[in-house]
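Please read the numbered points below with the sequence and the structure side by side.

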2 protein chains.
Amino acid sequence: MAKELKELTPRSKDYSQWYLDLVIKAELAENSAVRGCMVIKPYGYAIWEKMQRQLDDMFKETGHVNAYFPLFIPKSFLSREADHVEGFAKECAVVTHYRLKNAPDGSGVVVDPEAKLEEELIVRPTSETIIWSTYKNWIQSYRDLPILINQWANVVRWEMRTRLFLRTAEFLWQEGHTAHATKQEAIEEAKQMINVYAEFAEKYMAMPVVKGLKSESERFAGAIDTYTIEALMQDGKALQSGTSHFLGQNFAKAFDVQFTDQNGKRDYVWATSWGVSTRLMGALIMSHSDDNGLVLPPKLAPYQVVIVPIYKNSEQLQQIDEKVAGIVQRLKAFGISVKYDNSDNKKPGWKFSEYELKGVPVRLAMGGRDLENNTIEVARRDTLTKETLSCDNIETHIKSLLDEMQENIYKKAADFRASQIRKVNSYEEFKVEIEKGGFLLCHWDGTPETEERVKEETKATIRCIPLDGDKTPGKCMVTGKPSAQRVLFARAY
Amino acid sequence: MAKELKELTPRSKDYSQWYLDLVIKAELAENSAVRGCMVIKPYGYAIWEKMQRQLDDMFKETGHVNAYFPLFIPKSFLSREADHVEGFAKECAVVTHYRLKNAPDGSGVVVDPEAKLEEELIVRPTSETIIWSTYKNWIQSYRDLPILINQWANVVRWEMRTRLFLRTAEFLWQEGHTAHATKQEAIEEAKQMINVYAEFAEKYMAMPVVKGLKSESERFAGAIDTYTIEALMQDGKALQSGTSHFLGQNFAKAFDVQFTDQNGKRDYVWATSWGVSTRLMGALIMSHSDDNGLVLPPKLAPYQVVIVPIYKNSEQLQQIDEKVAGIVQRLKAFGISVKYDNSDNKKPGWKFSEYELKGVPVRLAMGGRDLENNTIEVARRDTLTKETLSCDNIETHIKSLLDEMQENIYKKAADFRASQIRKVNSYEEFKVEIEKGGFLLCHWDGTPETEERVKEETKATIRCIPLDGDKTPGKCMVTGKPSAQRVLFARAY
């Protein structure tokens, strides 16, 4: 890859193209031959694996276990919950046959009309229906509750306009599906999981989020309440990054899942579901990266440190190799992941821009003078600054540097967001402000009609009714009717 | 669950029913509402996660990285490699439409005929075709090689007769897909991965395997050579447990993937693929378990130790709780996974049979007398023996006990297999011996005709041509024609 091949369209010129350039050139993902489906490339997948591992640990710490349910959902199951089928039927992949056969004219293989399924199967867009049809057999009494299950899986939603990571026909995700004896316990679970997501976003992705409730029209199809975390991208647009749903008894009723409580009374089971997906990759990229490439928070970087030797001849390289071997060992002993790139078919300059593009947090470089002086050059990706330091105790320095970078990356995103959240009091002002992007906190009368009008006229939606912060009542910016609290408006991905 | 609900059909009475009872009652998996698709329950999935984690580490140690490719394969891709389409077209799930709509008569949702795909999509039965269509864009020169990628995914093969874990329409697996500049390197890769599988089977699953090459008729559809590991189940039947394929240039030719070598010459790329699946769960269960339930090698047990308190009153329970807390801490510090079950709605006897059924390697029990004497009862699942030991340094004892059990479980399986491998020299003898089960080492003339005749007449197949062991030539037991070496026959799952 020549240097110019690594150049990205600047964000200021075309943000959307910058994003696409970056995803492709940093080798995170690419479009496949199948419309709307992506290939997640090894470097991108390594970041996703880091996310998965951390989230999985957090789910297990909160008492959840993993399981696996079928990829296919009988068409009739999808139809059981009215809102649910309404939400997913229009964009789903339908399996109708189970065999191909040779074409009579020898032109290849064709669908065998004799192998038609009695009932069509839907490739899961989400698994509430297949899971609640299963829970029916698992739940008789309060002793069988709660059920706290998570699944890592692929799902398919036949989106017409797709964008790598942000909106794809197939994506990877986790979906938690829990069953409870009481309404209150289910609500607590839904809240707990949105808090887990917020903690993950802030501590690991270094991405500040606003936690809140969705308005009725933005709720998950089949939910009573949807909790969401909303992040702000660098272009001033919002990105819904994770949702947790209180499903009430909707799916229990649809699949007739009842239990006997401690007093011998029968009732329907209470439910939640919650999920985050490879969409988080898009959120991560758009929160921190710059015109030189990816910027990764150290906690999610496939490798946190890369070391590049700068040498005149093979003898010098050998000396550097020996010196670096000790440093690598010391870094690893500190739990720091490190790659030593002494490949001889690429020049140091090429390597520097490659690792900058890929967002490796810290780049170390060692040359002939460093050998003499027992020094090493330390460059950090977030600030693009560098300094030359002694090799002694370099591992201690790097360890605290990585912590500092994790915090700095978060702080930068938080400062940006703070500059982009503003209270707006009139609809006139709103129409002007929304063009500048960002999160607008406004009073709203709580009706779908007003929400729809704002959406049609400004393309802005209610991202959430924030859980924390100012709860002062006021008057709707559009209709002047009473408003319980300000809600968060933005244009969104 | 009452005690009788935990009883299994004895193996001697009906091995097949014993297996099914065990999978259901130990809560490993169950059939779903979708024909042929299973639900993997949390306890079963926890074992699978242990397998995944270990295999993934082994793949990474041998230089592989993970990635993700689309679930769907365009029909025309499947057809590109002649043997491949022949092997998979007859049992595949075909997506033909991308939308449902409300039925005109209000009876629910129906497939929208206007949402027909231009080209049907096949739910991947394996991913060679979609991956090699992608590799075409990734490979120009020898510098782009090797590509060493693995994918963890679900696949679908529309099997007509299914059995939990052993043969299901959907299953979970990993599939490695590598690309190389030379034939030799690809062959070495295929061999390396069958060795990785064998090591995993023996060291972690405690399951001895025979490594070998498949005969032509048993090869993977599209492969030049298929390496396999074959295990022997307790009922004397063989189970193919993992395969690694040298694909030659077949898929490179099908997708026109060429590269320029160091001398500027163009050639097609050399390939391998290799996979193991949730079928390994069936292999694990059938290798070690008994009429009381699952027997798990400690290295794959979701928790290695369970502790059950035996108490007369809540005061005594509190004393035991305190004593056990220290033991739990010491066990965990030794890297031993442990569960303390002090739930008060189940009696100790119920818990004992429950954890026996679930194959927890070590069960500790502490009662009033143990409290007085500073002792604890230690029961091991593999031998069903128990002894009372001092609590002092119990963690050291348990640690070495778990190692001993891992070895013992392997040894038991290896001894059983040794008793079931025998050389057979005549076809008459073969027909008698095959009825007794086991692995039969016999001379074979190397022709598909002889192989087919044996299969038709005895239901036995050639499991593999062993890589190690006796290579003395001889005469085919059926035709008397020359044979290069004995091959392994068995009836198989």
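**Notes on the two chains**

1. Glu27(A), Glu30(A), Lys41(A), Glu354(A) and Lys358(A) are linked in a network of salt bridges, where a salt bridge is a side-chain nitrogen of Lys or Arg within 4 Å of a carboxyl oxygen of Asp or Glu. By this rule the count over all chains comes to 54 salt bridges.

2. Some conventions should be kept in mind: this is a predicted model, in which local features need pLDDT of at least 70 and side-chain atom pairs count only at pLDDT 80 or more, while totals for chains, interfaces and linings use all residues. Residues are numbered from 1 along each chain as its sequence is written, chains are lettered from A and ligands numbered from 1 in the order in which they are written, and side-chain values use heavy atoms, with hydrogens and water left out.

3. Arg363(A) forms a salt bridge with Glu377(A), with 3.7 Å between the closest N and O atoms. Arg363(A) belongs to strand β19 (residues 362–366) of chain A and Glu377(A) to strand β20 (residues 375–380) of chain A, so the pair ties together parts that are 14 residues apart in sequence; strands are DSSP runs (E, at least two residues) and helices likewise (H or I, at least four), numbered from the N terminus. Both Arg363(A) and Glu377(A) are buried, where buried means under 20% relative accessible area, exposed over 50%, and partly exposed in between (1.4 Å probe, protein chains only).

4. In chain B, the side chains of Asp290(B) and Arg381(B) meet in a salt bridge at 2.7 Å, N to O. Asp290(B) lies in the loop between α8 (279–288) and β17 (305–309) of chain B, and Arg381(B) in the loop between β20 (375–380) and β21 (385–390) of chain B, so the pair ties together parts that are 91 residues apart in sequence. Asp290(B) is buried, because its relative accessible area is 12%, and Arg381(B) is buried as well, at 4%.

5. Is each partner of the salt bridge between Glu433(A) and Lys436(A) buried or exposed? Glu433(A) counts as buried, with a relative accessibility of 14%, whereas Lys436(A) is exposed, at 54%; the closest N and O atoms of this pair are 2.7 Å apart.

6. Chain B can be laid on chain A with an RMSD of 0.0 Å by a turn of 180° and a shift of 0.0 Å along the axis, the copies being superposed by least squares on the C-alpha atoms of residues with pLDDT of at least 70 in both. That is the relation of a two-fold axis.
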